[in-house]
Amino acid sequence: MAKIKFALRDSMIEAQKAYQNGNYIDALQSLEKIIKETSNSGEAYRLQAACYMQLNEFDNAKKSLQKIISLNQATGEDYQNLARTFTLLQQFPDAEKIYLECIKQSPQDIELNLELIDVFLKQNKRNHANAYIKAILSIFPEQADALYKQAMLENNELQANDAITKMATQKPFDSNLKLFLAKHYLEQANFKKSLYYLAQATSNQQDAWFLPYLVGLRYYTTERYKSALKFFENAINLAPERPDTHLALGMLYLTEGNLEAGWREFEWRLKFPQSEYIAAFLKKYPYWNGQDIQGKHLLVYAEANMGLTFLFLRYLLELTDTKSKITFLVPSAQSEIISGLNVIDNIVTENNVIPTDIDYIVSLQSLPFIKQRDYGASVLLPNKNTASLFSNVITKIGLSWKASEATPYGKINPIHVETLTPLITSVNAKFYCLCTNQLNEHEIEWCKQNNIELFHGSNELFVSYIDALDLIITTDNDLAHIAASIDKPTWVMVPYAKSWYFGTTPSSTPWYSAMHLFHQPRIKEWSVVVDQITSALINQSLSVNPENDLIKEVTALAQNQQYQLCFDLAKKALAHYPTQLSFKFFLGIAASQLEQDKLAFSSLLDIYQFDKTNIDVTSLLGSLFYRNHDIDKALFYLKKTVELTPENPEALKQLAIAQCELHAPEEAIKLFRKAVSLDAKDEYNFGLALALLTAGKFQEGWQQYEYRLKMPTHVYTVLKPNTPFWDGCNLDGKSIFIMQEQGLGDNIQFLRFIKLLKASYDCKIILGCSANLRRIAMQLPEIDQIISETEIIPEHDYHLPLLSLALRLKINSPKQFMGKEPYIKAQTELANYWQNYFALSNDFKIGFCWAGSKSHFNNARRNCDLLTFIKLLSNEDTKLYSLQKDLTADDKELLTLSGIDDLGEMFDDLADTAAAISQLDLIISIDSAIAHLASAMGKETWLVLPYYVEWRHPRQYEYSPWYKSMKYYRQEKPGDWDSAFKKVNSDLYDRQMKKGR
């Protein structure tokens, strides 16, 4: 018996630990053992309910809480949690009843009263809510939460903002309040304030997912989908069971056309509480998951607004192949329109008697996932019984400007009717108002003044009315879906934060062939959209060229690198000539240049399936897969290109670059040598140099590296003088002009050889460099004179680019330069300033840099995102300082909201940066000038590197062969910054543990 007790106690401890770590499934498994052995443990049921709440399984949570009550072990908090569960399940009468009982016991419990007010509002019991608000304010007149609810009830935005300010003031350290404010401002599309309050919230593991989720939403609504994907995936890793993040990820996938992944993630919407009406059916009948239902009765229910119902109706029509009986359950507001379309025989609403012989139930929006469908086709033909209403009218245009509040920014991004005036006055057409939402008096008056006819018919008549018009112009609302579903030409004024079904192409959507899109460039800027539509109406007739002429035009656009025009024309041409591979090829080229890789892959892979010997296609596919970190496929197509044309130096070069960066420099050397033997172009010789240096073959590598000087991308800071190029001859008694070249990091790295040059020869050294580097170079005593790019070059005997010093000084091994730092020092007076700046901080101070120069060729790979660095804040007693310059507005905002000092804005040049670095404890950076500067100063530097190898950082080294103070943290696979930062965090933790001892 004692053993059983101890075992149960251990299981409880195990469950509590799993819950605290966010492992709710593991916690539930441990609790099952306890409940199986003893069914009267209120503590076990209480923790079980908490786990279910975290997993959004509210019905199970309710059962656990009810079990505690049945055991007579319930506390007041248990009753309150049960009321909250009823609220989440939208079982508001039950929630109200429990809250009222709880308030009888604790009448002045403000939290209980506020939650009851929310329940009243959910039931639209505004008078009840108002009475309780007044009761709270009569006792606590400055209670901010009550003031806020009163303001929202009265739709008083100014009072609501005042109340929010009071909330933040009254509870400055309330993490839940900060989270509430963050969500509130997110709903208002005010990302700046939302991030601000989120950054102030206490670091809570259970809420850690919300930051990347919020940033992901921001990127998603501004169409930066690659960044959004990264943050959504991050949020899911932190909280795998959050349905809101999965749903956002699903909408992102659907936007980009990845339907398989999109439908899978879209199913997470079912984790949200269903209406009580639908929830009752879900309890009663099994959910259909695609099994054979021949001869069965399936209840399909519409869970969304009318627009999305029309969007998904196409999948309902496909159920005819199941040979089953289908009942379609729709809201009563939609039933007239749906029934008028004769979609299916048995249509019912919540007001009808539901058949009793139902076998399965399924949501309309789950059908494409279950049936694994693509976009499908949706053309529904209404009864044409209203054509007579429009006789003798030449051009008939339906107009709607009422945005759906279900779409992003729907409430805060309205179209004002005055914005539409230029549209209706500039074309010879008759306009008909199709706003089924109630118009205000001003809008009705505007319609009268402009002779716009108002639709007053029934819902059943509405579709037929639409069908009799020539064109529909509308914002994103139900009308857009209905009109496009019946194949009516529909022009949609798309809001800045568009819905997922509009896709990524500029003017069309894959869901409706009849729909044409006009995008809002910025929130609240509808006039630009109206101008575009007006122009399109005036210029409706577009001529189509013959096929051969189109091929010539598309080819010319590609050759002239006019990729956007090439893309647009190739796409239009394919619509007319879908089997012409030339259009597909040039569409693939243009799409790849415009970084629309999904479309580029689709076009080029289609051609490859038809013609596997097209080297242009295999080469481009290899480059595309390489860019998208799919290494195996990249190598397959690059090797395929070399196999097809083994004497093609360009193909050899492409494969060699991939091999070099994928840690096979010896293989790359062979390929480059062959390319050079076929064509001794400078770029092939330069590629050979990089492969040799990566392999550590410095003697030949430096010789080949001189080919960089012939590359068109090579840059000098100062003009090249007319003096002789130093070839390594004796410089005693001579003067030499050393020129800065390429990037700042390169020059910092090679400045070390100035000291060796001076030690080798009794010569005068003149350095020409940028203003950014000048004060740094002044710290090197070996330099006799420094000039900037604007100064006249003094007389001298020889000149040499800085990066050629290694060749001339015969540096053939890291042993000749390793351990020579620090060779750069901070200026004393500048360092003293930063010493005072940091004087009050006892934290471990980390300077960091996440992005290099915008002009760098490898930015896409080497740069990290700011949020990844911000996560380092989770380390105790650690303070981050940004050393980055030229920040974007988003990055500045994120630094501010995260409480990180932006030192970069105080730097005039690298001397200021060096002075700040001298007072920091550690530098963590991507491969940038800041990393080189810190390491050249001897400051401990952790360099986070991409998977691909750059010759300075060969794969076989854990520490840099160039700087003894630089340690490498590499990606384990392409694009995987998490693996690199996992090691960074581990080392930071070890450092703190040692410090604690």
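What follows is a set of exercises, each with a worked solution.

Before you start: this is a predicted model, in which local features need pLDDT of at least 70, side-chain atom pairs count only at pLDDT 80 or more, and totals for chains, interfaces and linings use all residues. Residues are numbered from 1 along each chain as its sequence is written, and side-chain values use heavy atoms, with hydrogens and water left out.

**Exercise 1. Get the overall picture**

Find how many helices and strands the chain has, and what share of its residues is buried.

Step 1. Count the elements: there are 46 helices and 21 strands. Helices here are DSSP runs of H or I with at least four residues, strands are runs of E with at least two, and both are numbered from the N terminus.

Step 2. Turn to burial. Of the 997 residues in the chain, 52% are buried. Buried means under 20% relative accessible area, exposed means over 50%, and partly exposed is in between, with a 1.4 Å probe and protein chains only.

Step 3. Look at the contacts (heavy atoms within 4.5 Å). Taking those between residues at least 6 apart in sequence, 63% join residues at least 24 apart.

**Exercise 2. Pack α3 against α4**

Work out how helices α3 and α4 are arranged and which residues make their contact.

Step 1. Start with the geometry. The axes of α3 (residues 42-54) and α4 (residues 58-70) come within 8 Å and cross at roughly 160°. Axes are lines fitted to C-alpha atoms, for helices over the stretch in contact, and angles run from 0 to 180 degrees between N-to-C directions.

Step 2. Name the arrangement. That angle makes α3 roughly antiparallel to α4. The cut-offs are under 35 degrees for roughly parallel, over 145 for roughly antiparallel, 65 to 115 for roughly perpendicular, and oblique for the rest.

Step 3. Check the hand: α3 passes α4 in a left-handed crossing. Left-handed means the near helix is turned anticlockwise from the far one by less than a right angle; clockwise would be right-handed.

Step 4. List the partners. Among those from α3 are Tyr45, Ala49, Tyr52 and Met53, while α4 supplies residues including Phe58, Ala61, Leu65 and Ile68.

Step 5. Sort the contact residues by class: eight are nonpolar, four polar and two charged. Ala, Val, Leu, Ile, Met, Phe, Trp, Tyr, Cys and Pro count as nonpolar, Asp, Glu, Lys and Arg as charged, and the others, Gly among them, as polar.

**Exercise 3. Follow α8 to both of its partners**

Describe how α8 packs with α7 and with α9.

Step 1. Take α7 (residues 110-122) with α8 (residues 126-139): their axes are 8 Å apart and the angle is about 160°. The pair is therefore roughly antiparallel, and its crossing is left-handed.

Step 2. Find the contact. Residues including Leu114, Ile117 and Phe120 in α7 meet α8 residues including Ala129, Tyr132, Ile133 and Ile136.

Step 3. Now α8 with α9 (residues 144-153): the angle is about 145° and the axes are 9 Å apart. This crossing is left-handed.

Step 4. On this side, Arg126, Asn130, Ile133, Ile136 and Leu137 in α8 meet Ala146, Leu147, Lys149, Gln150 and Leu153 in α9. The classes come out as six nonpolar, two polar and two charged.

**Exercise 4. Explore the core**

Which residues of the largest nonpolar core touch the most other members?

Step 1. A nonpolar core is a set of buried Ala, Val, Leu, Ile, Met, Phe, Trp, Tyr and Cys residues joined through side-chain atoms within 4.5 Å. The largest has 103 residues, and Val300, Leu316, Phe328, Trp500 and Trp511 touch the most other members.

Step 2. Helix α18 (residues 306-317) gives the most to this core, with eight residues.

Step 3. Zoom in on Trp511. Leaving aside neighbours within four places in sequence, its contacts include Leu259, Trp263, Leu311, Trp500 and Tyr501.

**Exercise 5. Buried or exposed?**

Decide whether His481 and Asp886 are buried or exposed.

Step 1. His481 sits in helix α24 (residues 478-485). With a relative accessible area of 2%, His481 is buried.

Step 2. Asp886 is in the loop between β17 (878-882) and α43 (889-897). Asp886 counts as exposed, at 64% relative accessibility.
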